[in-house]
Amino acid sequence: MVDSLFPTIDTTDDVASPESRRKRRRISETSKEAAESSSEAQRINEESSKRWRTNRVQQIYASKLIEALRRVRQRSNDAGKITSVAREIRDTADRVLAASARGTSRWSRSILAARVRACLKKHKKAKSKGTRKPRKDTAAERRRVEKLPAVERKLKILGRLVPGCRKVDVPNLLDEASDYIAALEMQVRAMESLAELLAAAAPPSTTLTRP
Amino acid sequence: MSSRRSRQSGISDDQIANLVTKLQHLIPELRRRRSGKVSASTVLQETCNYIRNLHREVDDLSDRLSELLASTDDNSAEAAIIRSLLN
């Protein structure tokens with residue numbers, strides 16, 4: 001019954017056919033070396049996307065998320081803090097997502113490490129944000145960055161978007177970004193299905209603004 | 001001219017080509033275009049946009065879930081139902 005709640009995502013078909021078509025075209029057009037590297041890249045892509053695209057992964061994530069959310073709500077209710085619930089949920093969702101990666105990716109380790117640092121800071125009652133290294137953002141540095149070619153600039157932006165990847169070199173940044181994107185897609189799907197579940201289970205008297 | 005620029009930037013053309021092929025498969029926007037000739041700049045731009053979109057979706061979903069959870073928190077029977085559905 002649970003399977004029907006999570007629609008089967010038939011991505012293997014999506015991924016396989018255009019890629020095999022492209023693979024055939026590539027091999028005929030370019031040299032063998034380029035073909036090998038592109039098929040290698042496709043294989044790595046498939047591996048990381050398969051990791052995050054199975055139904056099982058999504059189900060596990062959804063149940064872990066619900067557990068974690070209940071624990072967090074309990075704790076914040078007991079502590080009497082007034083934190084934005086949406087923020088809590090977002091942070092919890094990211095934490096559970098990072099935990100699902102099991103430490104194999106840089107972005108997941110960075111998310112978890114950042115939370116540990118934040119917890120330690122709160123316990124230490126540090127008055128200043130001294131633990132964070134001040135960014136040497138001088139005007140000269142900024143001018144240099146702006147003069148870089150567009151590709152380099154965008155690579156830097158990409159490095160900022162993926163957690164913990166500001167100073168990662170290009171090939172690793174690519175791997176991290178592809179894994180991160182696949183994980184984010186899974187997160188969106190899981191949260192979407194959770195929201196639908198809750199909306200269906202909630203009493204009809206609650207006014208829900210459905211987009 | 002382009003070879004001089006790439007030597008200055010320190011990113012080889014190989015890496016850029018690899019970048020384009022890899023990311024093109026991932027981003028649905030680029031999969032749809034499939035023109036076969038997307039520049040590295042476009043690919044990177046679309047990737048960044050896509051990640052930002054995904055972040056925004058997660059934020060929106062968190063908002064929705066916060067509203068929904070508030071209504072079911074009081075009713076522990078429903079919580080039990082949901083948990084059993086997920087397991």
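What share of the 87 residues of chain B counts as buried? The share is 43%, where buried means under 20% relative accessible area, exposed means over 50%, and partly exposed lies in between (1.4 Å probe, protein chains only). The structure is a predicted model, in which local features need pLDDT of at least 70, side-chain atom pairs count only at pLDDT 80 or more, and totals for chains, interfaces and linings use all residues. Residues are numbered from 1 along each chain as its sequence is written, chains are lettered from A and ligands numbered from 1 in the order in which they are written, and side-chain values use heavy atoms, with hydrogens and water left out.

Chain B holds five helices and zero strands. Helices (H or I, at least four residues) and strands (E, at least two) are DSSP runs, numbered from the N terminus. The order of elements in chain B is α-α-α-α-α from the N terminus on. Chain B exposes about 4,800 Å², an accessible area from the Shrake-Rupley method with a 1.4 Å probe; for residues, only the protein chains shown count as cover.

Chain A has nine helices and zero strands. Its elements run α-α-α-α-α-α-α-α-α from the N terminus on. Of its 211 residues, 38% count as buried. Chain A exposes about 13,400 Å², and carbon and sulfur atoms supply 53% of that area. Contacts (heavy atoms within 4.5 Å) were also sorted by separation along chain A. Among those between residues at least 6 apart in sequence, 64% join residues at least 24 apart.

The largest nonpolar core contains 59 residues. Such a core is a set of buried Ala, Val, Leu, Ile, Met, Phe, Trp, Tyr and Cys residues joined through side-chain atoms within 4.5 Å. A:W107 and B:L19 touch the most other members. Several helices each supply at least two residues of this core: α4 (55–79), α5 (85–100), α6 (106–124), α8 (150–161) and α9 (170–201) of chain A, together with α2 (13–26) and α4 (40–73) of chain B. The largest share, 17 residues, comes from α9(A). In soluble globular proteins, nonpolar side chains tend to be buried together.

Helix α9(A) has 32 residues. From its first C-alpha to its last it reaches 46 Å, close to the 46 Å expected at 1.5 Å a residue; the expected span is 1.5 Å times one less than the number of residues. Of the 32 residues of α9(A), 24 are buried, so this helix is largely enclosed by the rest of the structure. Residues up to four places away in sequence aside, A:W107 touches A:W52, A:L97, A:A98, A:A101, A:V162, A:P163, A:E176, A:D179, A:Y180 and A:A183.

Seven salt bridges occur over all chains. A salt bridge is a side-chain nitrogen of Lys or Arg within 4 Å of a carboxyl oxygen of Asp or Glu. Side chains of opposite charge can pair when their charged atoms come close. One salt bridge links A:R90 and B:D59 (2.8 Å, N to O). This pair crosses between chains, from helix α5 of chain A to helix α4 of chain B. A:R90 is buried, with a relative accessible area of 11%. B:D59 is partly exposed at 33%. Salt bridges with shared partners join A:R90, A:D94 and B:D59 into one network.

In α5, A:D91 and A:R87 are four residues apart, about one turn of the helix. Their side chains meet at 3.1 Å, N to O. A:D91 is partly exposed at 26% relative accessibility. In α4, A:R71 and A:E67 are likewise four residues apart, about one turn. Their salt bridge spans 4.0 Å, N to O. A:R71 is partly exposed at 47%, and A:E67 is partly exposed at 45%.

A search of the whole structure finds zero disulfides, defined as pairs of cysteine sulfur atoms within 2.5 Å. B:C48 is in no disulfide, and the nearest cysteine sulfur, that of A:C165, is 12 Å away. B:C48 is buried at 2% relative accessibility. A:C119 is partly exposed at 39%.

A:R117 lies in helix α6 of chain A. At 53% relative accessibility, A:R117 counts as exposed. Its C-alpha atom is separated by 20 Å from that of A:S100, 17 residues away along the chain.
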